[in-house]
Amino acid sequence: MSAPLRVLCLDIEGGYGGSSRSLFESLLHMDRNAVAPEVWCRRDGPARSWYAGIGVPCRIEPAMPRVSSLPRLSRNLRAYAEFARAFFHAKPFRARLAGEGKRFDLVHFNHEGLFLLARWLRRHLDRALTMHIRTMLAPSAFARWQARVIARVADRCAFITENEQRRMSALAGATLPGAVINNIARAPNGVGCDPDVPQDGRLAVAVLSNYAWVRGVDRVVDIAERLAARGSRDVRFVVAGDMRLRGTLPGRLGQLAREHKTLADFARERDVGDYFLFLGHVDRPETVLAAAHALIKPSREDNPWGRDIIEALAAGRPVLAVGSYDRFVNGETGHLLPEFDADRAAEVLLAWARDRALPARLGAAGARRVGELCNGPARAADLLGLWRNAVASHGRPAA
């Protein structure tokens with residue numbers, strides 16, 4: 001029997017985001033006779049206990065520098081200036097990475113935000129490098145540069161859907177080597193309901209996302225206004241995540257951000273505060289899904305396939321989303337709006353609230369679909385195969 005592949009995985013979220021959860025699910029389902037993983041997390045958090053529970057070494061490296069391209073020039077200039085300072089101060093971490101990296105056959109960068117660290121490591125360590133591409137970069141000069149760097153330094157890339165693969169290849173001006181590997185989502189077993197979510201007969205619609213303009217969470221307030229205009233109190237939005245308003249936002253949202261307010265303040269100003277339950281950060285979002293009847297994701301990015309969506313479908317909850325990609329959300333598993341329409345979204349939710357058999361039927365279909373596309377052992381085997389191909393194409397280093 002050949003020795004297991006030695007893989008170092010670099011994670012920026014520490015369990016507080018979808019990329020962390022996806023990496024953990026992949027390693028959970030991998031054969032330890034085939035791979036010996038170790039995880040370094042930029043942020044301390046629940047991932048430390050996750051990996052302790054499955055016997056995977058995990059340590060916290062808060063100096064791990066990361067940056068990713070943004071849509072606006074001013075934000076890119078600021079982000080990359082902050083990265084330059086962080087990169088300089090991360091010299092001891094970089095030395096540890098280059099030195100200890102020799103213990104591994106491959107280094108896996110679990111997010112494209114680590115692309116400049118990967119470029120540096122390529123110059124200082126002769127090992128195979130892989131990168132997980134998880135977001136749709138907005139086209140810009142900075143994004144094209146980021147894509148070209150990834151194309152040069154990564155032996156293989158894993159893309160969570162073909163959308164990321166097409167976008168990154170278009171930005172780079174060349175096809176990036178790698179494979180589409182859908183994120184893993186497991187059907188929850190024995191998960192209890194979040195006790196803070198009341199079971200009072202209203203349709204509980206989960207929102208699982210920290211606030212960001214591109215994620216469109218504020219659009220739920222528009223939907224609540226349409227529900228109020230219809231005189232309906234049949235729907236409650238259960239919001240799990242950090243709802244602080246930050247950065248440069250348009251209109252009243254921007255004013256509230258400068259006053260250090262939250263989306264809850266915005267909802268109260270619009271007289272729809274009683275349509276919401278704001279939970280803040282939740283360590284186990286699956287308990288919120290267990291207490292909810294559906295999930296909504298009114299994103300401004302046309303990306304109805306994120307981790308919150310596939311986890312909702314795996315839990316048997318239908319999804320109301322915005323976009324044009326219907327591999328996960330469609331008329332059989334929920335409702336996909338081609339573009340955001342608060343009136344139409346309100347109508348869909350009212351239909352689900354009035355006929356509870358409908359969301360139950362859609363949710364069951366979604367669970368079957370995710371069970372096929374996001375199967376843990378199958379997708380973990382795909383990622384392990386990509387790692388093996390990267391090592392083989394790079395030339396496996398001597399032990």
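**Talking through a predicted model**

Biologist: Let's start with Lys261: what relative accessible area does Lys261 have, and which class does that give?

Modeller: Keep in mind that this is a predicted model. Buried would need a value under 20%, and exposed one over 50%. Lys261 has a relative accessible area of 31%, so the class is partly exposed.

Biologist: Which residue forms a salt bridge with Lys261?

Modeller: In general terms, side chains of opposite charge can pair when their charged atoms come close. For Lys261, the closest N and O atoms of the pair are 3.6 Å apart, and the cut-off for a salt bridge is 4 Å. The partner is Glu259.

Biologist: How many salt bridges does the structure hold?

Modeller: Lys261 with Glu259 is one of them. There is also a network that links Glu38, Arg59, Glu61, Arg96, Glu100 and Arg103. For the whole structure, the count is 31.

Biologist: Which helices does the salt bridge between Arg21 and Glu311 link?

Modeller: The two side chains meet at 3.0 Å, N to O. The pair joins distant parts of the chain, 290 residues apart, with Arg21 in helix H1 (residues 18-28) and Glu311 in helix H12 (residues 307-314). So the helices are H1 and H12.

Biologist: Are Arg21 and Glu311 buried or exposed?

Modeller: The cut-off for buried is under 20% relative accessible area. Arg21 has 17%, so Arg21 falls below it. Glu311 has 13%, so Glu311 falls below it as well. Both residues are therefore buried.

Biologist: How far apart are the mean positions of the positive and negative charges of the chain?

Modeller: The chain carries 58 positive and 43 negative charges. Taking the mean position of each set, the separation is 6 Å.

Biologist: Which helices do the buried residues of H5 pack against?

Modeller: Helix H5 spans residues 115-124, and Phe115, Leu116, Leu117, Ala118, Trp120 and Leu121 are buried there. They pack against strands S1 (5-11), S4 (106-109) and S5 (128-133). The helices on the list are H3 (73-89), H4 (91-100) and H6 (141-153).

Biologist: What percentage of the residues count as buried?

Modeller: Among contacts with a separation of 6 or more, 69% join residues 24 or more positions apart. The chain exposes about 16,900 Å², of which carbon and sulfur atoms supply 49%. Of the 399 residues, the buried share is 54%.

Biologist: What is the radius of gyration of the chain?

Modeller: The chain has 15 helices and 13 strands. For 399 residues the globule rule gives 21 Å, and the chain's value is close to that, so the chain is as compact as a globular protein of that length. The radius of gyration is 21 Å.

Definitions and conventions. Residues are numbered from 1 along each chain as its sequence is written. This is a predicted model: local features need pLDDT of at least 70, side-chain atom pairs count only at pLDDT 80 or more; totals for chains, interfaces and linings use all residues. Side-chain values use heavy atoms; hydrogens and water are left out. Helices (H or I, at least four residues) and strands (E, at least two) are DSSP runs, numbered from the N terminus. The radius of gyration is taken over C-alpha atoms; the globule rule is 2.2 Å times the number of residues to the power 0.38. Buried means under 20% relative accessible area, exposed over 50%, partly exposed in between (1.4 Å probe, protein chains only). Contact means heavy atoms within 4.5 Å. Accessible areas come from the Shrake-Rupley method with a 1.4 Å probe; for residues, only the protein chains shown count as cover. Lys and Arg count as positive and Asp and Glu as negative; His and the chain ends are not counted. The place of a charge is taken as NZ of Lys, CZ of Arg, CG of Asp or CD of Glu.
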